[in-house]
Amino acid sequence: MKTFKGLIDVTFREGQQSPLMFSLPKYRFCLNEKKKIVAYLLKIGIRTFEFFSPIVNELEARDFESLRDYIKSLSFNKAKLLAHCRVNYQDAQAALRDGFDGLNLYLRLSDIAEQLYRKSLPEVAEMAKKLVISLRNQFPNIYIRFSCEDAFKTKLENITFVYDQLHQYVDTFGFPDTTGMATPEEARERLQFLIKRYPR
């Protein structure tokens, strides 16, 4: 447990992307519900929260500002509020301008990444590295997590090719099982490999 960095709660992003809630205004959490949820999560010890990037829509951006101020009013100054952002400078700047403490940057690194971004894997890695270094230089104290989207459907060599170039600039790596396909054995095997390769 000495290396455990705590839990990151994603209720205000993933929790709102369930089939009944996403895109349907009547099913999304209202601001009062979000306040009740965040107060309870703080009470049980959660200190890091992930939200939609403020570019997603104006309503989520406004809700985030209210929640940020509400959390401060509860005297939880050590809470970290992260924005889930594409590897895009404008997205990252918008989030930091709106008062986020950090970013969860994400990229697809599977074989279809070349079609999606119209770049080779080395070009995608360079794009991510440039952004992360720029953000780290401009905002040295922000928390940066970098995640390979759909990590369990992505070749490990693709992931390590990119993660090797970023590990000295980020605080943590994410390894999301986006489509819920990983077995416990696969998760254990890959996480043990990554912990050994990136001990910090």
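Where is the place of C30?

1. **Before you start.** This is a predicted model, in which local features need pLDDT of at least 70, side-chain atom pairs count only at pLDDT 80 or more, and totals for chains, interfaces and linings use all residues. Residues are numbered from 1 along each chain as its sequence is written, and side-chain values use heavy atoms, with hydrogens and water left out.

2. **C30.** You will find C30 in the loop between β1 (8-9) and α1. Helices (H or I, at least four residues) and strands (E, at least two) are DSSP runs, numbered from the N terminus. With a relative accessible area of 34%, C30 is partly exposed; buried means under 20% relative accessible area, exposed over 50%, and partly exposed in between (1.4 Å probe, protein chains only). From C30 to T172 the C-alpha distance is 31 Å, and the two are 142 residues apart in sequence.

3. **α1 against α2.** Helix α1 (residues 31-43) packs with helix α2 (residues 58-73) at an angle of about 40°, and their axes are 10 Å apart. Axes are lines fitted to C-alpha atoms, for helices over the stretch in contact, and angles run from 0 to 180 degrees between N-to-C directions. The pair is therefore oblique; angles under 35 degrees count as roughly parallel, over 145 as roughly antiparallel, 65 to 115 as roughly perpendicular and the rest as oblique. On the α1 side, L31, K34, K35, V38, A39 and L42 meet E60, D63, S66, L67, Y70 and I71 of α2, where contact means heavy atoms within 4.5 Å. The residues of this contact of α1 with α2 divide into seven nonpolar, one polar and four charged (Ala, Val, Leu, Ile, Met, Phe, Trp, Tyr, Cys and Pro count as nonpolar, Asp, Glu, Lys and Arg as charged, and the others, Gly among them, as polar).

4. In helix α3 (residues 89-97), the residues D91, A92, Q93, A94, A95 and L96 are buried. Their cover includes β3 (80-86), β4 (102-108) and α5 (121-138). Just after α3, G99 has a positive phi of about 100°.

5. **α3 against α5.** The axes of α3 and α5 cross at roughly 30° and come within 11 Å. That makes α3 roughly parallel to α5. Y89, A92, Q93 and L96 in α3 meet L131, S134, L135 and Q138 in α5. By class, this contact of α3 with α5 has five nonpolar, three polar and no charged residues.

6. **H84.** Strand β3 holds H84, which counts as buried at 16% relative accessibility. The side chains of H84 and N104 are joined by a polar contact of 2.9 Å. A polar contact is a pair of N or O atoms within 3.5 Å; within protein, one must be able to donate a hydrogen and the other to accept it, and residues adjacent in sequence count only if both atoms are side-chain atoms. Not counting residues up to four places away in sequence, H84 touches R13, E50, F51, F52, S53, N104 and Y106.

7. **V170.** The loop between α6 (156-166) and β6 (172-174) contains V170. V170 is buried, with a relative accessible area of 12%. Leaving aside residues up to four places away in sequence, V170 touches V132, R136, I144 and F146. The C-alpha atoms of V170 and R200 are separated by 9.9 Å, and these residues are 30 apart along the chain.
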